[in-house]
Amino acid sequence: MEIDPFIFRLSIFILSIFIGYYVVWSVTPSLHTPLMSVTNAISSVIIVGAIIAALSKSSTSIFEISNIFGFIAIILAAVNIFGGFLVTQRMLQMYKKKKK
Amino acid sequence: MSANLSAFFYLVSGILFILALRGLSSPETSRQGNYLGIAGMAISIIVTFLSVGNFGPGFIYVIIFLVLGGSIGAFIAFRIPMTAMPELVAGFHSLVGLAAVFVAVSAFLKPEAFGLGAVGNIKLASLIEMSLGAAIGAITFSGSIIAFLKLRGIMSGAPITFTGQHFINLLLGLAIVFLIYYLCSSQSSNIFWFLVIISFLVGVLLIIPIGGADMPVVISMLNSYSGWAAAGIGFTLENTALIITGALVGSSGAILSYIMCKGMNRSFFNVILGGWGANEQVVSSKAKEQKPVKNGNADDAAFLMKNASSVIIVPGYGMAVAQAQHALREMVDALKKNGVKVSYAIHPVAGRMPGHMNVLLAEANVPYDEVFELEEINNDFANCDVAYVIGANDVTNPVAKSDPQSPIFGMPVLDVEKSKSVLFVKRSLSPGYAGIDNDLFYRDNTLMLFADAKKMTEEIVKSL
């Protein structure tokens, strides 16, 4: 009997939760704010879905209603990607060790 | 690009995201980790372009919108003051939530573009996944907007409660489940829109009863939700990068919520059901009796600290509000010149989001190896000459250890009272966010410095 591909995706999902669990516990508490901003940035990989939605071919025009939702989602996700990574970078630059 | 090849690249970006989080285990590796995250994102976006393969006029628009959104994001990232990080993160969460909703809507309107079937005949599994993604995304969006408004001070931080609140939330929660079930059997777009609207409403109702001091939990929780929404969409799109990321972010937010709840010794449900701090205020105002406090000025404080051999600084949300972190650093520099050993003690729930104080101190050029977490430093108070409490309150209240009647009993607190003398910078004797009078004010070894945190610190610097 063939295994449904859904089961593979579910396996990836559950294993990733475990990876996330161990990786996040090892994050030092002083970097919890950058952790939140960087998770914000990476969850905007949802832009992948937005690009597919925006570029989906249509017979009449490139601005069908489903494309428009895609385009708006691209803007929202792009704000997050650039904003999230850059603000994380800005914060991480500030963490310095004692000068001896 | 073949589907198999692109799936492989999505896996690569998923792994890069894992490494980005892994980097945060120490400040030295964190910057490199961030670059890996950026690389992962770039790979995902490029692979998506190649696999869609539609480089017509629509592609130009995609680039334009990408650049437009990116410039807005970059502008915000460079301009935002560090004290505004909590509301920035809340705002960013709302964008992820809304983007998830829009992608789900788009997939529902045009399933053939995503290979999910046809309008009115979407695959059952895909329909469940996209409606879950849309519902969680909508809750994340409206909940984060409320959190943003509360943190920004546009909306009062006081909990908003009304009778039957939990019952209504329960009813709406059941309505979401029922609507998803009904949507699957009917495929009706009206039901889909209705589901999205109800979810927006749930997000609002979920966050309004939660008070300002509980915001660290709320932000972490919304962080988690934004992850689960992304994972839901990831299942719909059958995209590995999105599934991995969603799971990572979801568990990250959940762990942070857990750490924050533990820092307050409260259960997650207790925080979520909300209304804390509203009924306690009555008790505290009744119990308020005129007890003597010792009142000091900047010269007294400067004298005490200059002659100390070790000083521990306890910053809290008040420091962020007064923007006192730079003045504080100047004070510490002056003390160090006098040969005083200075360290900083951070309570897990100090501030409005996890790690809030650490970022502010880092901004003021405080080296991170002088900053300690509660467990690391709590024993040192007994050997320390002066504890300088600036803008913190409830997290220093010894009542949490002594009075089982107190609402904060059992909450881990910093043992500030064990140091030889305590300098407590505060504007007035008013209770903290938990609405509880702080026993520390009336101790013999406490000297109250009634002033704005920044002004007082600057005055101390002058008299040093």
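**Briefing: chains A and B of a predicted complex**

Leaving aside its neighbours within four places in sequence, Q89(A) is in contact with R31(B), N34(B) and Y35(B). This residue of chain A belongs to a model that is predicted, and Q89(A) sits in helix α4 of chain A.

- Q89(A) has a relative accessible area of 11%, and because the cut-off for a buried residue is under 20%, Q89(A) counts as buried.

**The interface between chain A and chain B**

- Between them, chain A and chain B bury about 8400 Å², and 78% of this area is on carbon and sulfur atoms.
- Of the area that chain A buries against chain B, M36(A), I46(A) and L55(A) supply 9%, which is more than any other three residues supply.
- One salt bridge is counted between chain A and chain B, and the side chains that meet in a salt bridge are those of R9(A) and E238(B), at 3.4 Å from N to O.
- The count of residue pairs in polar contact between chain A and chain B, with both residues at pLDDT 80 or more, is 17.

**The fold of chain A**

- Taken along its principal axes, the C-alpha trace of chain A spans about 65 × 45 × 15 Å.
- Of the 100 residues in chain A, 58% are buried.
- Among the contacts in chain A with a separation of 6 or more, 60% are accounted for by residues 24 or more positions apart.

**The fold of chain B**

- The secondary structure of chain B consists of 18 helices and eight strands.
- For 464 residues a compact globule would have a radius of gyration near 23 Å, and the 25 Å found for chain B agrees with that value.
- Along the principal axes, the C-alpha atoms of chain B fill a box of roughly 75 × 50 × 30 Å.
- Buried residues account for 58% of the 464 residues in chain B.
- Where contacts in chain B join residues at least 6 apart in sequence, 77% of them join residues at least 24 apart.

**E370(B), a buried residue in a loop**

- E370(B) is placed in the loop between α15 (356–363) and β5 (371–373) of chain B.
- The relative accessible area of E370(B) is 4%, so this residue is buried.
- The side chains of E370(B) and K336(B) are joined by a polar contact of 2.8 Å.
- With its neighbours within four places in sequence left aside, E370(B) is in contact with K98(A) of chain A and with K336(B), V342(B), S343(B) and Y344(B) of chain B.

Definitions and conventions. Residues are numbered from 1 along each chain as its sequence is written. Chains are lettered from A and ligands numbered from 1 in the order in which they are written. This is a predicted model: local features need pLDDT of at least 70, side-chain atom pairs count only at pLDDT 80 or more; totals for chains, interfaces and linings use all residues. Side-chain values use heavy atoms; hydrogens and water are left out. Buried area is the accessible area (1.4 Å probe) that two parts lose on being put together, summed over both. A salt bridge is a side-chain nitrogen of Lys or Arg within 4 Å of a carboxyl oxygen of Asp or Glu. A polar contact is a pair of N or O atoms within 3.5 Å; within protein, one must be able to donate a hydrogen and the other to accept it, and residues adjacent in sequence count only if both atoms are side-chain atoms. Helices (H or I, at least four residues) and strands (E, at least two) are DSSP runs, numbered from the N terminus. Buried means under 20% relative accessible area, exposed over 50%, partly exposed in between (1.4 Å probe, protein chains only). Contact means heavy atoms within 4.5 Å. The radius of gyration is taken over C-alpha atoms; the globule rule is 2.2 Å times the number of residues to the power 0.38.
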